Amino acid sequence: NKLNFSLLAVLMTLLAVRTNAQQFFFSPERPSSCGASDGIITIVPTRGVPPFTYLWSDGSTDVSLHNVPKGTYSATLTDASGATATHTHILNSKEFA
């Protein structure tokens, strides 16, 4: 009986974490050319408990990165419950559209 209760508690915890997990996607504006640094990439939360905090791979904590060149960008979104999600996006220039 104790084992069943323990397994049930673990399953409920896992389900709660999965249900409360937040997600996001990137909304990019591509740089105008290969050598340009005029791109923008923005985090758009789709699930989770506001308010959100943001942490980019370059250490920035803003919702958007401005004036960026093409490249690979990673970000971690944390919601008010402490749930986190990390995603990576490859930003190409408009030449590669």
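Analyst: Pro45 lies in strand E2, which covers residues 39–47; strands here are DSSP runs (E) of at least two residues, numbered from the N terminus. This is a predicted model, in which local features need pLDDT of at least 70, side-chain atom pairs count only at pLDDT 80 or more, and totals for chains, interfaces and linings use all residues. Residues are numbered from 1 along each chain as its sequence is written, and side-chain values use heavy atoms, with hydrogens and water left out.

With a relative accessible area of 27%, Pro45 is partly exposed, the class between buried (under 20%) and exposed (over 50%), using a 1.4 Å probe and protein chains only. Apart from neighbours within four places in sequence, Pro45 is in contact with Gln23, Phe24, Phe52, Tyr54 and Leu77; contact means heavy atoms within 4.5 Å. The C-alpha atoms of Pro45 and Thr78 are 9.8 Å apart, and the two residues are separated by 33 residues along the chain.

Phe24, one of those contacts, is buried at 7% relative accessibility. Ring pairs join Phe24, Phe26 and Trp56 into a cluster. Rings of Phe, Tyr and Trp (its six-membered ring) pair if their centres lie within 6.5 Å; planes under 30 degrees apart are stacked, over 60 edge-to-face, and the rest tilted. The structure holds 2 aromatic pairs. Phe24 and Phe26 have ring centres 5.4 Å apart and planes at 90°, so this pair is edge-to-face. The rings of Phe26 and Trp56 have centres 5.7 Å apart and planes at 40°, so that pair is tilted. It links distant parts of the chain, with Phe26 in strand E1 (residues 23–29) and Trp56 in strand E3 (residues 53–56), 30 residues apart. Phe26 is buried at 11% relative accessibility, and Trp56 is buried with a relative accessible area of 3%.

Technical notes: Helix = DSSP H or I, 4+ residues; strand = E, 2+ residues; numbered from the N terminus.
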